[in-house]
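Dear colleague,

Please find below the structure that I am handing over to you.

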Amino acid sequence: MPYSPNPGCPLCKGIGFVHPWREDGVPNYRDIIPCPARSCLLESVRAYKRGELFIRKQGITGTEQTFDAFDPIPGTEKAFKYAKALVQEEAQFIWLLIYGGVGNGKTHLCNAIALEMISNGKSARMVSVADLFSDLRRSMRSHSTDDLLAELKGVFLLILDDWGVEYGSDWEQAKFDELLTSRFASALPTVLTTNKDILELPDRIRSRFEDRRLSRIAYDSAPDYRKHAQ
Ligand SMILES: [Zn+2]
């Protein structure tokens with residue numbers, strides 16, 4: 001296990017778990033929680049969750065790509081604003097579509113959203129749509145499509161980076177649609193980015209992002225950062 005209790009902990013006696021306290025001050029023996037004492041299990045789990053290895057496993061491609069490190073050049077304002085709003089506890093929406101040209105900071109914002117969610121104690125996964133479609137193809141051969149989809153349907157925040165109309169067979173597109181339908185029905189935060197025109201998105205996907213009760217769309221009109229820097 002990548003995390004551990006403190007063997008000398010006075011609260012849990014090194015076991016790592018304790019019974020939570022009920023409001024009347026009596027321990028609730030039906031439940032256990034990670035020991036919250038200093039240097040014990042809960043702190044260790046939190047440190048692990050902030051750790052590089054854990055972060056990489058969630059598909060985050062740049063751990064340095066935080067909101068603070070983002071350079072909000074002209075054109076990125078709306079995408080930046082919505083990305084930051086999405087991670088707030090009191091967010092007014094849960095689905096976000098960011099579209100615009102290649103290399104203009106969309107992936108940086110996705111990394112920042114995922115990093116912020118994880119540091120808020122929520123599960124988050126980021127996957128490029130091309131990789132997702134290859135994972136789906138592989139899962140079909142190993143009969144594990146349901147497991148793959150269950151994981152992506154259940155994670156609190158899912159970021160689907162770089163959607164392209166050219167990706168995926170009809171079957172893969174149908175599974176992608178099933179994933180989005182499930183997440184929309186469960187009202188789980190979901191981010192999609194693309195450098196295509198949003199009119200190229202299938203109606204069923206686009207219409208959900210156009211639902212103002214739950215979604216926002218940000219056009220990122222900034223040029224390629226690499227050219228901007230020159
Ligand atoms: Zn303890």
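**The central sheet**

In this predicted model, five strands form an open sheet in the order E4-E5-E6-E3-E7, and their pairing is parallel. Strand E4 (124-128) and strand E7 (215-220) are the edge strands, each pairing on one side only. From one strand to the next, the twist averages 15°. Helix H3 (residues 77-86) packs on this sheet, where it touches strand E3 (95-100) and E7. The direction of H3 makes about 145° with that of E7.

Two of the strand pairs may be described in detail. Strand E5 (residues 157-163) and strand E6 (residues 190-194) run parallel and are paired over four bridges; within this pair, leucine 160 has leucine 192 of E6 as its bridge partner. E3 and E7 are also parallel and are joined by six bridges. Here tryptophan 95 has serine 215 of E7 as its bridge partner.

In general, the side chains of a regular strand alternate between the two faces of the sheet. For E7, Arg216, Ala218 and Asp220 make up a covered face, while Ser215, Ile217 and Tyr219 make up an uncovered one.

**The nonpolar cores**

Nonpolar side chains tend to be buried together in soluble globular proteins. The largest nonpolar core of this model has 36 residues. Those with the most contacts inside this core are Ala83, Leu96, Leu109, Ile113, Ala114 and Ile159. At least two residues of the core come from each of H3, E3, helix H4 (106-119), E4, helix H5 (129-141), E5 and E6. H4 gives the most, with seven residues.

Leucine 96 illustrates how these elements meet. Leaving aside residues up to four places away in sequence, leucine 96 touches Tyr82, Ala83, Leu86, Val191, Ser215, Arg216 and Ala218. There is also a second, separate core of seven residues, among them Cys35, Cys40, Leu42 and Val45.

**The chain as a whole**

The chain has nine helices and seven strands. Of its 230 residues, 30% count as buried. Along the principal axes, the C-alpha trace spans about 60 × 45 × 30 Å. Among contacts with a separation of 6 or more, 75% are between residues 24 or more positions apart.

The chain is divided into domain 1 (1-50) and domain 2 (52-228). The centres of domain 1 and domain 2, taken over C-alpha atoms, are separated by 34 Å.

Most residues other than glycine have a negative phi. Lysine 13 lies in the segment before strand E1 (17-18), whereas serine 39 is found in the loop between strand E2 (33-34) and helix H1 (41-50).

Are these two residues buried or exposed? Lysine 13 counts as exposed because 12 other C-beta atoms lie within 10 Å, and a residue is exposed if that number is 12 or fewer. Serine 39 is likewise exposed, with 12 other C-beta atoms within 10 Å.

With kind regards

Notes: Residues are numbered from 1 along each chain as its sequence is written. This is a predicted model: local features need pLDDT of at least 70, side-chain atom pairs count only at pLDDT 80 or more; totals for chains, interfaces and linings use all residues. Two strands pair if DSSP finds at least two bridges between them. Axes are lines fitted to C-alpha atoms, for helices over the stretch in contact, and angles run from 0 to 180 degrees between N-to-C directions. Two residues are in contact if their C-beta atoms, placed from the backbone, lie within 7 Å. A nonpolar core is a set of buried Ala, Val, Leu, Ile, Met, Phe, Trp, Tyr and Cys residues joined through C-beta atoms within 7 Å. A residue is buried if 20 or more other C-beta atoms lie within 10 Å of its own, exposed if 12 or fewer, and partly exposed in between; C-beta atoms are placed from the backbone. Domain bounds come from an automatic or database domain assignment.
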